[in-house]
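Me: I would like to learn how to read the features of a fold one at a time, with the general idea first and then the case at hand. Could we work through a structure in that way?

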Amino acid sequence: MNMHLASNHEPSKIALPAHAAEPICFGVCAGFFMPAQDAAPPSGTAVLIVSPWGFEDVCLRKFHRQLADELAARGVPSLRFDFPGAGNSLDAPRDISELETWLNAITQATQALKTRSGCEKIILAGHGLGATLAAKALPRLPDGVTGLALLAPVYSGRLWARETGLWWKIIATDLGISGTQPEDGSLTIAGLTLAPETTKDIKATKLTADMIPADKSVIFACRPGRENDTVFAEEMRAAGCNVASIAFKGHEALIANPLVQKIPNDVITEIADKIRKAAPVEKPQKTPSVPAAAALTTGGFTETGLRFGKNNRLTGILCEPVGPRTGATVIIHSTSYERSTGWARSTVEAARKLAAEGIATFRFDSTNVADSAPLPEASPRVLYTDLQVADLKSAVSTLEERNMGPFVLSGRCSGSYASFQLALTDSRVAGLVLVNNIIFVRDPTKELVEDVTKVARPLEEYSARARDPETLKRILRGEVDIPAAARNMLRSVAKRVASKITPFLGSLAAENRHNARIAAAFNMLAQRDLPLTLIYADNDVGLEQLQLTFGNQVVDNPPAANVRFRLVSDADHNMTPAHANAAVVEEISRLAHSLAVPRK
């Protein structure tokens, strides 16, 4: 029987590029430059995409990549980048305010885009808080900024901060962890934190129509039902601005979660069309300057942006220690449809901590995830598919060409599945560190659900949530899908009942046949004596799945001598708390150092 994938991801109508965007860097910032396609009518105007901060930025990575692809197909180059202290960029300097470093980064990005593209005219395309920051940065930008694309902008920083706090409370409740805000005045969402002084500065920030010069053309994406969007558009027109409005349909579904989001392709197409109309057909005024490899260097590590795989369609970041390299090289596979920086920027922080110990790492986006390009012939649903395993194999081959073996593979959830699968067939894999893995071997008799929120959780978690007063409040507000929760609880009960019966049915039971496939895979790695570390939050659904396969005592009685367990308390599936991420880094470091080989 064929494997089915239940997913909200639909085929894209967006123009498909031949390759991924080029990694570049400027100042302390990392970014991606997408040149115009050669066959497109040339433009002397380039677009700087200014991202928002926090979880919204995580959700918008694919949207911005697809917008860059559509602009390139129309002859318009673009640059998207991470603010200092976010994404793949270095931390912000401490001698000035963080908000000031962000505004300075927009200025530096504008100049970097001019240099790289040869274009003297720039349109700023800001999203959410990024739109507000783009408008705020206008007075300090060099000549040549001809227009703005304001996409769902933030008008009041104070209101944005309050909504962000409420948003985190909802996300944290779904994760089963505390969503309370720190008492020091900082702002937290999805493990990302703004310092108290930065939060204060943003709360004091406002977007008003008089901040937009009348000589700038404005493309304005209005969210349906948002009266303040309509009012702001009219205020800009009254001030003399030439405003072209777009209905930003599907905005709420776009920023819901990278795993279940729906990309509004029609909106992207309309934005690109409006920008092309505002960018006259003309050759770039200057010859583009092509920089050397995109590298950011500090006293402890050097990070280099790489494109790899067929047609350079995949993007990744190689993090290397400045001093001698020790131990195995670690390849960290991203989870779900999150970008390779990791949930709560955990992968970036892990890579830089490991570099301080002499361990090199490589993090990357799989096909059609975040900043890596799609394949025309491939399904947009890539989780738990052979394509992700093939992408991981390409990463190993890329690093092998640099003589960086042996290799330890690490990943969480779907990333750990791809790592486990490659280890079964690729002898270059010397070790595994898998975090909260749910699926080791796909069951061909069952539908595979990409959305882990629809997977039945342990009964103990349902019980704990039922006793939480916040759960009742969410039910009353209509924020809980009660039928879905009931179905998941029934599935969990059914699994436990089945686990008592199926041992007596032998190979007659499909569950036993599947468990035998999992056991055979573990045995294959045991025969190679490949070290395998399994890390679980102590109430994670993946641990319960493993117990159904190997028995409730699997942690104390591992299936083979090569298997090591590490349980982490007070953690969620995403390992959001700092102590959970520290445990993961510690286990990766232990295994990578144990595989040390002499270096030339």
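Reply: What follows goes from the whole chain to its sheet, then to helices and to single residues. This is a predicted model, in which local features need pLDDT of at least 70 and side-chain atom pairs count only at pLDDT 80 or more, while totals for chains, interfaces and linings use all residues. Residues are numbered from 1 along each chain as its sequence is written, and side-chain values use heavy atoms, with hydrogens and water left out.

Me: How many helices and strands does the chain have, and what share of its residues counts as buried?

Reply: Helices (H or I, at least four residues) and strands (E, at least two) are DSSP runs, numbered from the N terminus. Here the chain has 17 helices and 21 strands. Buried means under 20% relative accessible area, exposed means over 50%, and partly exposed lies in between, with a 1.4 Å probe and protein chains only; of the 600 residues, 56% count as buried. A contact means heavy atoms within 4.5 Å, and among contacts with a separation of 6 or more, 75% come from residues 24 or more positions apart.

Me: In what order do the strands of the open sheet lie, and which strands stand at its edges?

Reply: Two strands pair if DSSP finds at least two bridges between them. The open sheet has eight strands in the order β2-β3-β5-β4-β6-β7-β10-β11, with mixed pairing. β2 (22-26) and β11 (242-247) are the edge strands, each with a single partner, so one side of each is left without a neighbour in the sheet. From one strand to the next the twist averages 20°, where angles run from 0 to 180 degrees between N-to-C directions and axes are lines fitted to C-alpha atoms, for helices over the stretch in contact.

Me: How does strand β4 pair with β6 and with β5?

Reply: β4 pairs with β6 (residues 121-127) in the parallel sense over six bridges, and alanine 46 has isoleucine 122 as its bridge partner in β6. With β5 (residues 78-81) the pairing of β4 is also parallel, over three bridges; in β5, serine 78 is the bridge partner of valine 47, and leucine 79 stands opposite leucine 48. β4, helix α1 (residues 55-73) and β5 make a right-handed β-α-β unit, a crossover being right-handed if, with the strands pointing away from the viewer, the path from the first strand over the helix to the second runs clockwise.

Me: Is β4 enclosed or open to the outside, and which of its residues point each way?

Reply: Six of the six residues of β4 (residues 45-50) are buried, so this strand is largely enclosed by the rest of the structure. Thr45, Val47 and Ile49 point one way, while Ala46, Leu48 and Val50 point the other way.

Me: At what angle do helices α2 and α3 cross, and which residues meet there?

Reply: Angles under 35 degrees count as roughly parallel, over 145 as roughly antiparallel, 65 to 115 as roughly perpendicular and the rest as oblique. The axes of α2 (residues 98-117) and α3 (residues 129-137) come within 9 Å and cross at roughly 75°, and the two helices are therefore roughly perpendicular to each other. Leu99, Trp102, Leu103 and Ile106 in α2 meet Leu133, Ala134, Lys136 and Ala137 in α3. The residues of this contact divide into seven nonpolar, no polar and one charged, where Ala, Val, Leu, Ile, Met, Phe, Trp, Tyr, Cys and Pro count as nonpolar, Asp, Glu, Lys and Arg as charged, and the others, Gly among them, as polar.

Me: What does α3 lie across, and what covers its buried residues?

Reply: α3 lies across β4, β6 and β7 (145-151), running at about 140° to β6. Eight of its nine residues are buried, and what covers the buried residues of α3 includes β4, α2, β6, β7, α4 (157-175) and α5 (196-203).

Me: Which residues does arginine 65 touch beyond its sequence neighbours?

Reply: Arginine 65 is found in helix α1 and counts as buried at 3% relative accessibility. Not counting residues up to four places away in sequence, arginine 65 touches Arg80, Asn368, Val369, Ala370, Asp371, Ser372 and Pro374. The C-alpha atoms of arginine 65 and alanine 370 are separated by 7.1 Å, although the two residues are 305 residues apart along the chain.
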